[in-house]
Amino acid sequence: MAQDNKPTNNNKGKKRPLKFNEMWIYGIVLLILTALFFMDGLNGVSKTMSWNEFQQVAIKGAFDKITVNRDQNTLTAQVKPQMVDSVFKAGEIPESRRKSAEVFTISTQIPSVDKFSDFYDQNQLTAQVSYEHDRFNIWSIIIGFGPFILLIIFWIWMTRRMSGGGNAGGGGGIFSVGKSKAQLYDKKNVHVTFDNVAGLHEAKEEVEEIVHFLKNPEKYTKLGGKIPKGALLVGPPGTGKTLLAKAVAGEAHVPFFSLSGSDFVEMFVGVGASRVRDLFKQAKEKAPCIVFIDEIDAVGRARGKNANFGGNDERENTLNQLLTEMDGFGTNSGVIILAATNRADILDKALLRAGRFDRQIYVDLPDLNDRKEIFLVHLKPLKIDNTVDVDLLARQTPGFSGADIANICNEAALIAAREGQDFVNKENFMNAVDRVIGGLEKKNKMTTEEERRSIAIHESGHATISWMLEYANPLVKVTIVPRGKALGAAWYLPEERQITTKEALLDQMCATLGGRAAEELFLGRISTGAANDLERITKLAYAMVVYYGMSDKMPNVNYYEMQNDGWGISKPYSEDTAELIDREVQAIISTQYERAKAILREYAEGHHKLANMLLEREVIYTEDVEDIFGKRPWISRTEEIMTNIQRKKPLVESAGEKKEEETGIATDIEENEAGVSSEGETDGDTKSDSLDNDTQKTNEEQ
């Protein structure tokens, strides 16, 4: 019957037999040698005397047995129990040893056997005498040569361990450094599937197609097509590149090798190339299979950028071997390479060409819908109440990666647990977002009343101007409670934009300058609190002039600073042009600063109410600003997009901003606004003063 061939689990209750280990033998031998070494002295006490001393003691009749060695002219005499005290002086033997010893012996060197016989006969000794010759003693040889034998055995064992010892995968010693460190997974070891990957719809489709290639290759090859040899996952950190690879490992019913780019690197020359060869050797044996190399930029960096003055470049040798194995003279049919990096710009061009990585899959930061899906995934294990608005959370976290969203959900749960709540509510999530962006709240930070008033006026300046400008981001929350390095903070609800107009950039710049302008207008002095604001708007102004071509005197020109063979940066413009750029940047900033002051003069009364409310309550929200200034006359672009998506209608032109069709060359303006975000500040007001798309970790400065 078919059932007879099925393996049974009858051995579950049985004890596993002890496996043989050569170390047991070494340990037993060592114990035996140690026991033999100390055995002679355990039950007896021995003493060496000169021949004259022996004669004096022997005449007194102190011995009852004497053994003479004819070959070595030595003798050993056993002392009578009643004569021990006369032979062994007081203090010569420890009292505990004297009591435990059973035999007391004396050994001495005799002139000759004949002279001993004459002495014995002349003094008429009564001790029993026996004579012996040297004999072969295996134990004495073992004791004498035992340490050397053990050293030799230990050396042989270490050599076998370092060379791999015949075990699978090698022993990890110096002689196995050329072995690949890739870990082999199958669907039993990985429990992540594509269902666990939220968002990333386009990237997921392309990766899923690779799995389909392996499961049903005939479907694609019958028309003459070839299975792609590799796919490179590119994107910012935390966007889910490694998670996608885990999903592939969980979905594909083929062997899955996983390792990091740094696993090829070792202190020995030539090890990296050897590990690459060993990796592909294992992969070919298990083909069809998938090899995943995480952080491939560790070995894939462009060659020739870092000259080593004629020395051997181990990293380049490793890369050359990798290039050859991926698509060289040999064939790797059935081996698909997946790799991930967030530094695709520094990879070698030969590595990126078709035939090695046929596809580059861009894993971008999640958009609004993707963030909502990611929140829903991470909210499943949490106990939340009805106040939690997933749509608001998704809108409030533009530029956040999947890892950031997971961190926010975890922080919210920790905050709720710390406060002793039974459920995680909306306020916990708001505090978690604040915690992730701005740092810990410092309510006990020492500030004077004058400083608090200055901070309130500064933050109210940001809030007032952003409320009055069409393209500025709507306000969510303003606080003067210190958080992290910031003395105050203002949170905004950024709009979802694929491109940004010049008017939008100028409005953002004007709102950012609102804090400094409010200090000058209403306090008559300025402070260091605007250091972070000035850094951001300066970088934005230079980006407008140098990168985006938005200057009146220098329109439609892009002065992108290019690297010159890795040795430095060459500016593609003259010193006169540099001076003109500086003047244009200063003109843009000055114009927006005066504009900010004009708006504040117009709405000075509302600004004062807002500042006083901040001083009194320390935290104010959108509803408070709306009570003072009224509703904003502009419709939220993001809400309009979402409404049209739900109605499945095309987006119409709105508020002076025309719909832009997506193109393959357009880069996210939020990512290209170089320098709008800041990594830190001195005693500035906040790291998140205007939490538009640039301050909520959306952009990587170029």
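UniProt positions are given in the numbering used here, and annotations may be inferred rather than shown by experiment. The structure is a predicted model.

Q: Which residue does UniProt list for "active site"?
A: The unreviewed UniProt entry lists Glu-459 under that feature name. Glu-459 lies in helix H18.

Q: Why is Glu-459 called buried?
A: Buried means under 20% relative accessible area. Glu-459 has a relative accessible area of 0%, and is therefore buried.

Q: What makes Ser-466 buried or exposed?
A: The relative accessible area of Ser-466 is 2%. Because the cut-off for buried is under 20%, Ser-466 counts as buried. Ser-466 belongs to helix H18, which covers residues 449–468. Not counting residues up to four places away in sequence, Ser-466 touches Ala-472, Asn-473, Tyr-492, Ala-511 and Arg-632.

Q: Which residues touch the most other members of the largest nonpolar core?
A: They are Ile-465, Met-509 and Ile-581, in a core of 49 residues. Helix H22 (residues 575–602) gives the most to this core, with nine residues. Leaving aside neighbours within four places in sequence, the contacts of Met-509 include Ile-537, Leu-540 and Ile-588.

Q: How do you know where confidence in the protein chain is lowest and highest?
A: pLDDT is the predictor's confidence in each residue, from 0 to 100. Helix H26 (residues 669–672) has the lowest confidence, at a mean of 32, and H22 has the highest, at 93. Over residues 164–173, pLDDT stays under 50. Where pLDDT is low, the predicted coordinates should not be read in detail.

Technical notes:
Residues numbered from 1 in each chain as written. Predicted model: local features only at pLDDT ≥ 70, side-chain atom pairs only at ≥ 80, totals over all residues. Heavy atoms only, no water. Helix = DSSP H or I, 4+ residues; strand = E, 2+ residues; numbered from the N terminus. Buried < 20%, exposed > 50% of the residue type's maximum accessible area, 1.4 Å probe, protein only. Contact = heavy atoms within 4.5 Å. Core = buried A, V, L, I, M, F, W, Y, C linked by side-chain atoms within 4.5 Å.
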